[in-house]
Amino acid sequence: METARSERLVVAGVTLSIAPLEHGDVATVRAVFDQLGELSRTRRYLSPVPRLTTAAATALADADGFRHHAVVVREGPGRPVALGRLVRTEARRAEPALEVVDDWQGRGLGRLLLRRLLADARELGIASLEGTASADNRPVLRLIRHELCPSEMTYDDGVVSFTAWVPSRAHHTPCGERHIA
Ligand SMILES: CC(C)(COP(=O)(O)OP(=O)(O)OC[C@H]1O[C@@H](n2cnc3c(N)ncnc32)[C@H](O)[C@@H]1OP(=O)(O)O)[C@@H](O)C(=O)NCCC(=O)NCCS
């Protein structure tokens, strides 16, 4: 399946690799978490999370590629610098989540990761994405607006909820513009 593919990403002149997270790879989940500062952790989990419990790390690594699909971006052969995931909430609907380690943020990696997740969502038969983000999380709100073109976006008590359609054709964003995958 296409979602199992490994590919190269060039971000800010650096070549990175992106591939599915191996099922049960708790070490990678922890390595990415350890490279997130306090603000990033709070934004990722919508509440302060000083440490990952064993149960949480195990659940985050429990990626079977269908119910829970996760991809990891690595710099060089080993260092993981980002994780992206799609967790099904219904048969054809999933919640996306992104985490880019602090020293890689703001260089365009989050956008490429989200594009890969969109392509994978289509391959997995996911028709729409839904999720929430903190209203002060400008980077992810920009990504949601510019890459997902949500059909619905609501604000309640500091949290933005969104729903977006997954494009049915390869290399198209939900905004209808063609992009290079
Ligand atoms: C949210 C996150 C995944 C975005 O990834 P990134 O690699 O930093 O983002 P990019 O460099 O691709 O930039 C995405 C957009 O945010 C903007 N942006 C990036 N850093 C920003 C900053 N510090 N302040 C404001 N805007 C910023 C970019 O200009 C771009 O906007 P554009 O669409 O108008 O060009 C990353 O910042 C992150 O992991 N944050 C912590 C965890 C989190 O918040 N996860 C999301 C909830 S699941």
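Before we look at any angles, a quick definition: axes here are lines fitted to C-alpha atoms, for helices over the stretch in contact, and angles run from 0 to 180 degrees between N-to-C directions. Helices (H or I, at least four residues) and strands (E, at least two) are DSSP runs, numbered from the N terminus.

Two housekeeping points, everyone. Residues are numbered from 1 along each chain as its sequence is written. The model is predicted, so to speak of local features we need pLDDT of at least 70, side-chain atom pairs count only at pLDDT 80 or more, and totals for chains, interfaces and linings use all residues.

Let's start with the sheet. It is open, has eight strands in the order β1-β2-β3-β4-β5-β6-β8-β7, and its pairing is mixed; two strands pair if DSSP finds at least two bridges between them. At the edges stand β1 (7–11) and β7 (152–156), each with a single partner strand, so one side of each has no neighbour in the sheet. From one strand to the next, the twist averages 25°. β1 pairs with β2 (residues 14–20) in the antiparallel sense over five bridges, and Glu7 stands opposite Ile18 in β2.

Now for the helices on that sheet. α4 lies across β1, β2, β3 (68–75), β4 (79–90), β5 and β6 (128–134), and runs at about 40° to β4. α5 packs on the sheet too, touching β5, β6 and β8 (159–165), and its direction makes about 155° with that of β6. Contact here means that the C-beta atoms of two residues, placed from the backbone, lie within 7 Å.

How do these two helices meet? The axes of α4 (residues 109–123) and α5 (residues 138–148) come within 11 Å and cross at roughly 45°. They are therefore oblique to each other, the term for whatever is left once angles under 35 degrees are called roughly parallel, over 145 roughly antiparallel and 65 to 115 roughly perpendicular. On the α4 side, the contact is made by Gly110, Arg111, Leu114 and Arg115, and on the α5 side by Pro139, Leu143 and Glu147.

And finally, the ligand. Which of the 22 residues around the ligand come nearest? They are Arg43, Gln105, Gly110, Arg111 and Pro139, where a residue is near if its C-beta atom, placed from the backbone, lies within 6 Å. The elements giving two or more residues to this shell are α2 (38–45), β5 (93–100), α4 and α5. The largest share, six residues, comes from α5.
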